Amino acid sequence: MQVYNWPVGPHGLLYDRCWMVVNRNGVCLSQKREPSLCLVQPQVHLSSNKLLLQAPGMDTISVPLKNTSDMRSRYKGCQSKVCGDRVEAVDCGDEAASWFSDFLGQPCRLISQNPNFSRDTKKKSIEGATTPSLSLVNEAQYLMINSASVQLIQELMSSRQENSMGDQQLDTKNITSRFRTNFIIAGVEAFEEDNWSHLVIGNTRFVVTGHCGRCQMVGVDQETGAKTKEPLLSLSTYRTGKVNSQHQRFQALLMHEKMNYPPCYYVFLGDFRRVPDASVIRRDHSSPVCQLHCSARAKRLLK
């Protein structure tokens, strides 16, 4: 689902990665452990306060978006870990637990972040950035991807695959979906984003706090759950000149810049500019320069 505006909360895009599936021991089940999680299609319905969950062969169920005091009284609190950080959560009940257990074929439960729990980033403070409160993310509130960089990776993959028989050709849409990003930008050179320090999208200002270390999880095809060695191999070729499967930097990590935002506001997309570069790239909103992908990360609603 591509949208042109979405509400922003204290952790980033509203409801982005506020839930995760855990096994019977409370350990997070990510796509690295369970690739079939990519087949779960969450849909956020703000007006009805529901998160709909759909998956092949499963009935559609819903869980409340807002973690209310009534929910916290009916459902038990629990704890888990994200990147070594202990997080406090609320169990989402037996119906959701049975649904995921049936789909994944193992006992598990769906939990959501306790709204009263605050988790700070481990990154050093960067001038201009807030001290961010994080959801169930690994490092930052937002991930941004440059479509030109994806295109270059796709071209590298194609040239490698010309010399390999039987390798599946991946298009840019498929590659982009594997990185499960929040923002997709266009109109700049490939990997130009490596040198950015700030970014303005619409009226919202962001600080670039680093770049994500991508691993083999990007090898999971988000349409099928199948695993491939690409696009990580081609990304490593570009970064190091060598073919390997080690973590490679890709996608800018973004945090809010210090501003007096209301508790919840909307980010509107269509224009973006680099800072301090004064040039602004503008397009009609039917063909935005910056796209907001809730579903590109919708599969990150579930970590």
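Predicted model: local features only at pLDDT ≥ 70, side-chain atom pairs only at ≥ 80, totals over all residues.

Colleague: Is N49 buried, exposed or partly exposed?

Modeller: Buried means under 20% relative accessible area and exposed over 50%, with partly exposed in between. N49 has a relative accessible area of 25%, so it counts as partly exposed.

Colleague: Which residues does N49 touch, leaving out those up to four places away in sequence?

Modeller: Contact means heavy atoms within 4.5 Å. By that rule N49 touches V63, P64, L65 and K66. For L65, 16 residues apart from N49 along the chain, the C-alpha atoms of the two are separated by 5.2 Å.

Colleague: And the cysteines: how many disulfides are there?

Modeller: A disulfide needs two cysteine sulfur atoms within 2.5 Å, and the count here is zero. As for burial, C28 is buried with a relative accessible area of 12%, and C38 is buried at 0%.

Colleague: Which residues touch the most other members in the largest nonpolar core?

Modeller: A nonpolar core joins buried nonpolar residues through side-chain atoms within 4.5 Å. The largest has 41 residues, and W19, F100, L110 and L254 touch the most other members. Helix 2 (residues 94–104) gives this core its largest share, five residues. Domain 1 (14–118) and domain 2 (133–300) each supply at least three residues to this core. Another core, of 13 residues, lies apart from it and includes L170, I184, L232 and F250.

Terms used. Residues numbered from 1 in each chain as written. Heavy atoms only, no water. Buried < 20%, exposed > 50% of the residue type's maximum accessible area, 1.4 Å probe, protein only. Helix = DSSP H or I, 4+ residues; strand = E, 2+ residues; numbered from the N terminus. Domains from an automatic or database assignment.
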